[in-house]
Amino acid sequence: MKRSEFLKNLGLSSAALMSIYCLGGLTSCASESPQPNNNTGGNGGGGNTVAGFTGNAKTSAGKISFTLDLTTDNFKSLLTEGSYLYPNSGDVIVAKVKGGGFVALSKACTHQGTTVTYRLNQNDFYCDNHGSEFSTTGSVENGPATAGLTLYAASLDATTNILTVSA
């Protein structure tokens, strides 16, 4: 292949990639990041809730206060260190952090509202929109976020495997 043909092909490939990107096919700064596979559905404020969930996980429906039955298929993944989920599609992320404890935080990054995820290796919560990092207490470890995430009380009844989260 001649140099001119190579450069021409390269230009067309780049143009095709840029048009896909500009049309939204490869966006990297979405307003909300994808949720993990172990996320559960439901509405968080009553009505069509998921088995193993009781209470309220949405701030718009009032005070955060709910329980998760970790023996049910919907929530048993939380028994594994490093797993996390957004109970009943609410406003909270619950994770089983390094060392085996449970942490519940507001799920929206305080910078632009993107949903955070838990990273086991770093033992922190991460916003992949602009790279903000939060400790397991919700405090900012790395910006651009300047305000921390709300920390909710999370306690496990080891006898029943019921996790209680409350404001």
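**Note on the salt bridges**

1. The side chains of Asp73 and Lys76 are joined by a salt bridge, with N to O at 2.9 Å. The term salt bridge here stands for a side-chain nitrogen of Lys or Arg within 4 Å of a carboxyl oxygen of Asp or Glu. The model is predicted: local features need pLDDT of at least 70, side-chain atom pairs count only at pLDDT 80 or more, and totals for chains, interfaces and linings use all residues. Side-chain values use heavy atoms, without hydrogens and water, and residues are numbered from 1 along each chain as its sequence is written.

2. Asp73 has 63% relative accessibility and therefore counts as exposed, while Lys76, at 42% relative accessible area, is partly exposed. The classes are buried (under 20% relative accessible area), exposed (over 50%) and partly exposed (in between), with a 1.4 Å probe and protein chains only.

3. Arg119 and Asp124 form a salt bridge whose closest N and O atoms are 2.8 Å apart. Both of these residues are buried; for Arg119 the relative accessible area is 19%.

4. Arg119 also forms a salt bridge with Glu133, the closest N and O atoms being 3.2 Å apart. This pair links distant parts of the chain, 14 residues apart: Glu133 lies in strand S8 (residues 133-134) and Arg119 in strand S6 (residues 117-119). Strands are DSSP runs of E, at least two residues, numbered from the N terminus. Glu133 is partly exposed, at 21% relative accessibility.

5. The count by this rule is three salt bridges. Arg119, Asp124 and Glu133 are linked in a network of salt bridges.

Conventions
Helices (H or I, at least four residues) and strands (E, at least two) are DSSP runs, numbered from the N terminus.
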